[in-house]
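Q: I would like to learn how to read a fold from its coordinates. Could we go through one chain feature by feature?

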Amino acid sequence: MEEGEIKKRVAFYTLGCKVNQYETNAMIEQFINKGYEIANFDDMSDIYVINTCTVTNVSDKKSRQIIRRVKQINENSILVVTGCYAQVAQKELEKIKEIDIILGNSEKKDVVDIIENYCRSQDTRKFGKN
C-alpha cells in the first residue's frame with residue numbers, strides 16, 4: 001500500500017473443513033501484512049474472498065448462495081472464489097457473472113498479488129465506490 005492510500009477492506013467466508021479454515025487464516029495474514037483491514041463478511045468491504053467446499057451437493061449449493069449474496073452487500077466489490085469447489089467446477093463458476101476472480105487451491109498463496117494485479121488491469125478502480 002502506498003503512503004496516504006485508503007486502507008482497503010477485505011472479508012472472508014469459509015465453507016468446509018479445517019484445512020479450509022487454516023488456509024483462510026493464512027490468506028487473512030497475507031492481507032494484514034499488506035496493510036488491508038479485515039472486515040466481517042456481512043459488512044461493507046472492497047474485496048470478498050469465499051473459500052469453498054465441494055464435499056456434497058449441499059456444500060456446492062451453499063457456496064453458490066454465498067457467492068450471489070456478496071454483490072447484494074456491495075455491488076462494486078471484488079469477489080474472489082477459491083477452494084475445492086472453485087478447483088473442480090471452474091467452468092460452472094465462470095457462468096456466475098458476480099465472480100471477478102476464480103482461484104484454484106494452488107493459487108491461494110498468491111491471493112493478494114493476484115487481486116492487486118487484477119485491480120491494476122481494470123479500466124476503472126472499483127475501490128472507493130462503496
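Predicted model: local features only at pLDDT ≥ 70, side-chain atom pairs only at ≥ 80, totals over all residues.

Q: Which elements does the chain have, and in what order do they run from the N terminus?

A: There are 5 helices and 5 strands. Starting at the N terminus, they follow the pattern β-α-β-β-α-β-α-α-β-α.

Q: How do I read the pairing of strands, and what order do they have in the sheet?

A: Strands of a sheet pair through backbone hydrogen bonds, in a parallel or an antiparallel sense. Here the 5 strands form an open sheet in the order β2-β1-β3-β4-β5, with parallel pairing. The edges are taken by β2 (37-39) and β5, each with a single partner strand, so one side of each has no neighbour in the sheet.

Q: How many bridges join β3 to β4, and how many join β1 to β3?

A: β3 and β4 pair in parallel over 6 bridges, while the parallel pair β1 and β3 has 5 bridges. Tyr-48 has Leu-79 as its bridge partner in β4.

Q: Which residues lie on each side of β4, and are they buried or exposed?

A: In a regular strand, side chains alternate between the two faces of the sheet. For β4, one side has Ile-78, Val-80 and Thr-82, the other has Leu-79, Val-81 and Gly-83, and all are buried. With 6 of its 6 residues buried, β4 is therefore largely enclosed by the rest of the structure.

Q: What is the case for β3?

A: β3 is mostly covered, with 6 of its 6 residues buried. Ile-47, Val-49 and Asn-51 are buried on one side, and Tyr-48, Ile-50 and Thr-52 are buried on the other.

Q: How do I read a helix, taking α5 as the example: which of its residues are buried?

A: In α5 (residues 111-121) the buried residues are Val-111, Val-112, Ile-115, Glu-116 and Tyr-118. They span an arc of only 155° around the axis, which places them on the same side of α5. The face turned away from that buried side carries the exposed residues Arg-120 and Ser-121.

Q: What covers the buried residues of α5?

A: The cover includes α1 (18-33), β3 (47-52), β4 (78-83) and β5 (101-102).

Q: How do I read a nonpolar core, and which residues touch the most other members of the largest one?

A: Nonpolar side chains in soluble globular proteins tend to be buried together. The largest nonpolar core here has 19 residues, and those touching the most other members are Phe-41, Ile-50, Ile-67, Leu-79, Val-81, Leu-93 and Ile-99. At least two residues of this core come from each of β3, α2 (57-73), β4 and α3 (84-88). The largest share, 3 residues, is from α2. A second, separate core has 16 residues, among them Val-10, Val-49, Ile-101 and Val-111.

Q: Which residues is Leu-93 in contact with, leaving aside neighbours within four places in sequence?

A: Leu-93 is in contact with Ile-67, Val-81, Tyr-85, Ala-86, Ile-99 and Ile-102.

Q: How many disulfides does a search of the whole structure find?

A: The search finds 0 disulfides. For Cys-17, the closest cysteine sulfur is that of Cys-84, 6.3 Å away and too far for a bond. Cys-17 is partly exposed, with a relative accessible area of 43%.

Q: How far apart are Lys-8 and Gly-35 in sequence and in space?

A: They are 27 residues apart in sequence and 8.0 Å apart in space, C-alpha to C-alpha. Lys-8 is in the segment before β1 (9-14) and is buried, with a relative accessible area of 8%. Gly-35 is in the loop between α1 and β2 and is partly exposed, at 23%.

Q: What do the values for the whole chain say about burial and surface?

A: Of the 130 residues, 42% are buried. The accessible surface is about 7400 Å², and 47% of that belongs to carbon and sulfur atoms. Among contacts between residues at least 6 apart in sequence, 65% join residues at least 24 apart.

How values were computed
Residues numbered from 1 in each chain as written. Heavy atoms only, no water. Helix = DSSP H or I, 4+ residues; strand = E, 2+ residues; numbered from the N terminus. Buried < 20%, exposed > 50% of the residue type's maximum accessible area, 1.4 Å probe, protein only. Contact = heavy atoms within 4.5 Å. Areas by Shrake-Rupley, 256 points an atom, 1.4 Å probe, with all protein chains shown as cover. Arc of directions from axis to C-beta. Core = buried A, V, L, I, M, F, W, Y, C linked by side-chain atoms within 4.5 Å. Disulfide = S-S within 2.5 Å. Pairing = 2+ DSSP bridges.
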